[in-house]
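Subject: Structure handover and notes

Dear colleague,

Here is the structure I promised to pass on to you, with my notes below it. Please keep the view open while you read.

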Amino acid sequence: MPHFPFIRLISACLMAVFAAAWAGHAQAAGEGAKTGSPVIAAAVAVESDGAKTRFKVTLSKAVTAQVSLMERPDRVIIDLPEVAFHLPQEAGRSKEGLIASYRYGLFAPGRSRVVMELTQPAVVSGMTTAPDATGAATILTIELSRTEREEFRKVALDSSAAAKEASGQPVVQETKDARPVIVIDPGHGGIDPGANASSGNMVEKDLVLSFAQRLKKKLEEGGRYKIVMTRDQDVFVSLGDRVRAARMAQADLFISVHADSISGGQEVRGLTVYTGSERASDADSARLADRENKADAVAGVESGDMPDDVSDILMELTLRETRGFSHNFASRLVGEFDSVARLNKNPHRQARFQVLRAHDVPSVLVELGYLSSQKDLDLLMSEEWRAKMVSAMAVAVDRFFAARFARRGAAAVLP
């Protein structure tokens, strides 16, 4: 079948319509940057016609699009330069033809992505552009056609290398700074929104980024720590790259920040601190780890290349020691949180989180609360509560590194 890896969209800009919607945007990416104005997706439609399904998106100006397929689960990936998606909140949630659902968002600095989940194997059988009814914008139409499993698998394998190359890497500057290095990891981001609040108007990626930025500012106040963020904007970072960021920075502590959600779980509340373990401490923790470990799949990234598989006795001994430090810090966190936060009934748990896999970096994952609980959500949105939480975490960090500071200048990787 023909391949359509690239296509040039040709149209004039809907400047009068879109400029106000994107006023103040400091920098455009991809081809949009060449003209000094951003690319905007103003509308999307999905049409089903027998064995074919057409995905149509209205764009304000010319870009370059690249498509690829991925298996397990079956997905179509559309990579674009940075696009501002001004679409209805419910866009992508309904099944139509060969498309079970789709999601969209910033994938890496200067790059956006659309990921379509398929109801059955399908390939891209056509890609066209045409002016919309006004003649001022361009409609990109991607046509999908049913295919057999073997053909789908072949095309997916052919595009696998390109998909990996497009996954993006966090930029982390190595440092010889003698201060302890702390990596703060706001969960999810970009095309991966994370959990949704019951009200539907707040998503995990935004809440945890705001909290992480506040924590960074607090920890930097005294000048005692070097702080690195795995992301400082609404961008996707793969699980493997988050772990690599910690190791490249030679981190002394890794704190991943999340906020869970449970369907129909208004009564389930409270903060939980997790540490890494091959065996989960309970069934709920195992289920949560399984959901979090699928973050790469949500963004259309293959996650087989995870770092830090423990392969020798030295690494295993280091891992055991590191997990001891992780438990130590988790206990300090729980102790500090106890007086300022509503804790889960079992506040310190363990599970096999991929993001906690660095064998030589003490690591914890903090679930600040449940977006499915209105009470927890109100707290997460409260400036007063966040200030108390950030202060409590800073105290726990200080106590964790107290022995190192007492040794005056010791800079081992572990405290």
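A residue is called buried when its relative accessible area is under 20%, exposed when that area is over 50%, and partly exposed in between, using a 1.4 Å probe and protein chains only. Helices (H or I, at least four residues) and strands (E, at least two) are DSSP runs, numbered from the N terminus. This is a predicted model, in which local features need pLDDT of at least 70 and side-chain atom pairs count only at pLDDT 80 or more, while totals for chains, interfaces and linings use all residues. Residues are numbered from 1 along each chain as its sequence is written, and side-chain values use heavy atoms, with hydrogens and water left out.

I begin with strand β8, residues 111–118, where seven of the eight residues are buried. Two strands count as paired if DSSP finds at least two bridges between them. Strand β5 (residues 75–81) pairs with β8 in the antiparallel sense over seven bridges, and Ile77 has Val115 as its bridge partner in β8. Strand β7 (residues 99–108) also runs antiparallel to β8, joined by eight bridges, with Tyr104 opposite Val114. Two residues lie between the strands in the hairpin of β7 and β8, where Gly110 takes a positive phi near 80°.

Next come the aromatic rings. Rings of Phe, Tyr and Trp (its six-membered ring) pair if their centres lie within 6.5 Å, and planes under 30 degrees apart count as stacked, over 60 as edge-to-face and the rest as tilted. The whole structure holds nine such pairs. Phe55 and Tyr102 form an edge-to-face pair, because their ring centres are 5.2 Å apart and their planes stand at 80°. This pair links distant parts of the chain, with Phe55 in strand β3 (residues 52–59) and Tyr102 in strand β7, 47 residues apart. Both Phe55 and Tyr102 are buried.

Finally, the nonpolar cores. A nonpolar core is a set of buried Ala, Val, Leu, Ile, Met, Phe, Trp, Tyr and Cys residues joined through side-chain atoms within 4.5 Å. The largest has 45 residues, of which Ile182, Ile255 and Phe337 touch the most other members. Helix α9 (residues 383–400) gives the most to this core, with nine residues. A second, separate core has 33 residues, including Ala65, Leu80, Val114 and Met116.

With best wishes
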